[in-house]
Amino acid sequence: MKKFSKFVVKARVPIFIVFLILIAISLYFIPKLKVTYDIYELLPNDIESIKGMNILNKELSHGAELIILYKTDDPYLVESLVNNLKTLPFINSITYIKDYQDISIPVELWDKGTSDWFKDGYFRIVVILNANETYNKEIESIKSMLPEGASLTGNDVISNELADHFAGSVEKYFLIGVLLVLIFLILTFPRIWGPIFIIISMISGVIINVAITSITKTEVYFLVNVIVSVLQLAVTLDYSLFLYHRYIEGRGKLDKELAMEDALIKIFMPILLSGLTTIGGFFALTFGRLSLFNQAGWILTRGVAISMLSSFLFLPSLLLIFDKIVVGKEHGVIPLSLGNIGKYISKYSNIFLIIFIIISITSYFGSKKVELAYDVTPFLPDNLESIKTLETLRDVYGETDSFYLISKKGNEGFLNTIKKIKEMEGVQDVLHYSTILDPTIPIEFLPEDVKNKFIGENYEVCFIYSKYSPNEEKGIELREQLKDFINENMKGEFYFTGESILLSDLGEIAENDYNKTSNISFYLILLIVALGFLSIFSPFILIIVIKSAIWINIAYYLLINLKTPFFIPALLNTIQLGATIDYSILILSRYQEERKEGLNPAEAASESVKWSSHSILTSAGTMILMTLPSALMSEIKLVNLTMGSLARGAFISSIVTLIFLPSVIKVFDKLIKLLSIGWNKKEV
């Protein structure tokens, strides 16, 4: 470590130049970052429903499905709009009222079955686009052709409008968060330039990390982009704070080079242990199958590693090069400490332990009862035109469900299966060439437009429409009934898919990911802390305390009776654990240090609160201030709830750690000593 510290000190100017070059290159690539707003992009490609959708896109050129809602009493205006749309080269098919009803007949005499296409003065038009990677230009072209009273919706339309709505938001939230953190540090640190250089070094890590994601052409979900950009700085700022404090302490008696060498040697292990525990929580997310977890895990893990390097390399170069202003004049600060509260916590440790147990048990069971939402549409801005149209569509027509049954050509039992599905209760309609034309007609003699709609080179498809909403009990029962029936009657290669099936798969995979990532993060951090403290029992205490804070955070949604997006519990069980376990480590480290100095358990508990509170409150304050802008300013509830949960998590973890952990450690002092190596030198 001495050689490394000497190298950093001597090579400070080249290191400084290298980082400036890396930052400049990174700023060039960041605007090229690919971001997706489609929730279904999170699903793994190896599941049957996604395979089916991919075949539908590639084989049958069945791309985005859009819906036009047209408020008019004149069906001929609808026909005129459809005819105009059919001139567009990217239109695969259009289905509307005329396909089911002679519009020359007065509306009052139309069949009852037409209520799926005309109801309460609204016409519904379903437009299928040719398959493409993106549909931005196509959607804008269709919008430009819509007359007054007509509006467009659909998953891709919502994603397109969400991208426009959210453009530039990440940068705005990040910069406001940085400004708030900088003000916070200046108010609580006696020197102005230290916090400025700390922030600069941490920003460099974030910029480099985001640029790597862009260079590797990884398409990230927009929420992952927010989490990574904001959270990386928030959770790694401690590393720079450790180094800065040690450097300033050393500068009181040493020259700048010796002070930096000494600081690097002393903070190497604390930063390494802190970084490894944080990485342990984030790395657990990489085991998730949903790309939301997988992407966030890999990018955050890499980000922490980059920030650690920045703390060991870039910040030392900044502090050494600008030493004169770094150690300049001091100013008054706002004290950030709990003072002598630790004495009361220590004195009534048994009472605090009982309260902690009650809170932990209550919040644990409360967190298990929180209702999760897998459809994220309700969490999107309701001022988007596509969302307004979707809400009107559901109000008028109800929330209907549809499926695709895709089969390899020549599969035995396919036509017979379709015939029986059409007769099933709850099935509104089945569209296939065999249900429109005589099924005995050879494929070669089918009209070209029919062939293109249902038959590809190797596969064919039928469309199944349900009478029920995908979320109502009958709708769920029908979906499962169709799955079972198709699996029993179909042979060969086939796929059953659709939006509600994708959501169902999303829920099932998310639940498995939650259990898997939570367990992995728990055991990884347990192992790291156990090795760091050479203790068997104390790691369990540290993790249970932070876990209790996580349970409280999740149970909050039960308290306010609010559905939470499905991914938030998994993120909290990994990110909040990895980001705030340092609070517990700091308390235990200080407690152990005081016990080695000869203090009794009560005194050590009191001192651990007194001397750790500033660092813990600073760390929690940083995380809260970085996440607060996006939590408060975003009109997207998905962002509000996610970032709000992380901000609240930092606050809860800091309070639970400072109030309850010292009591738990004091009560179990003897057991900790028994199950640890080198716990304390002498008993008092």
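Please keep in mind that the model is predicted. A search of the whole structure finds 32 aromatic pairs, and the count of salt bridges comes to 14.

**Aromatic pairs and a cluster**

- A pair of aromatic rings is described by the distance of the centres and the angle of the planes.
- Among the 32 aromatic pairs is Trp110 with Phe118, an edge-to-face pair at 5.6 Å centre to centre and 75° between the planes.
- Trp110 and Phe118 are both buried.
- Phe166 and Phe222 have ring centres 5.3 Å apart and planes at 75°, so this pair is edge-to-face, planes over 60 degrees apart being counted that way.
- For a group beyond simple pairs, look at Phe16, Phe19, Trp193, Phe197, Phe314 and Phe322, which form one aromatic cluster.

- Asp46 and Arg289 join their side chains in a salt bridge, with N to O at 2.6 Å.
- The two partners come from distant parts of the chain, 243 residues apart: Asp46 is in the loop between strand S1 (35–36) and helix H3 (48–60), and Arg289 is in the loop between helix H10 (256–284) and helix H11 (291–312).
- Asp46 has a relative accessible area of 45%, so it counts as partly exposed.
- Arg289 is partly exposed as well, at 37% relative accessibility.
- Glu48 and Lys51 form a salt bridge with an N to O distance of 3.8 Å.
- Both of these residues sit in helix H3, 3 residues apart, which is about one turn of the helix.
- Glu48 is partly exposed at 42% relative accessibility, and Lys51 is partly exposed with a relative accessible area of 32%.

**A buried salt bridge and a network**

- Asp669 and Arg595 form a salt bridge whose closest N and O atoms are 3.1 Å apart.
- Asp669 is in helix H26 (residues 669–674) and Arg595 is in helix H23 (residues 568–596), so the bridge ties together parts that are 74 residues apart in sequence.
- Asp669 has a relative accessible area of 3%, so it is buried.
- Arg595 is likewise buried, at 0% relative accessibility.
- Elsewhere, a network of salt bridges links Asp375, Arg394 and Glu399.

- Asp382, Glu391, Asp395 and Glu635 form a negative surface patch.
- One of these, Asp382, lies in the loop between strand S8 (372–373) and helix H16 (385–397).

**Positive phi angles**

- Most residues other than glycine have a negative phi.
- Asp120, which is not a glycine, has a positive phi of about 50°.
- Asp120 is found in the loop between strand S4 (118–119) and strand S5 (122–130), and its relative accessible area of 59% makes it exposed.
- Leu534 also has a positive phi, near 50°, and is a residue other than glycine.
- Leu534 is placed in the loop between helix H21 (499–533) and helix H22 (538–559), and is partly exposed with a relative accessible area of 46%.

Methods: Residues are numbered from 1 along each chain as its sequence is written. This is a predicted model: local features need pLDDT of at least 70, side-chain atom pairs count only at pLDDT 80 or more; totals for chains, interfaces and linings use all residues. Side-chain values use heavy atoms; hydrogens and water are left out. Patches are made of residues with over 30% relative accessible area and no salt bridge: like charges are joined within 9 Å, nonpolar side chains (Val, Leu, Ile, Met, Phe, Trp, Tyr) within 5 Å. Accessible areas come from the Shrake-Rupley method with a 1.4 Å probe; for residues, only the protein chains shown count as cover. A salt bridge is a side-chain nitrogen of Lys or Arg within 4 Å of a carboxyl oxygen of Asp or Glu. Lys and Arg count as positive and Asp and Glu as negative; His and the chain ends are not counted. The place of a charge is taken as NZ of Lys, CZ of Arg, CG of Asp or CD of Glu. Helices (H or I, at least four residues) and strands (E, at least two) are DSSP runs, numbered from the N terminus. Rings of Phe, Tyr and Trp (its six-membered ring) pair if their centres lie within 6.5 Å; planes under 30 degrees apart count as stacked, over 60 as edge-to-face and the rest as tilted. Buried means under 20% relative accessible area, exposed over 50%, partly exposed in between (1.4 Å probe, protein chains only).
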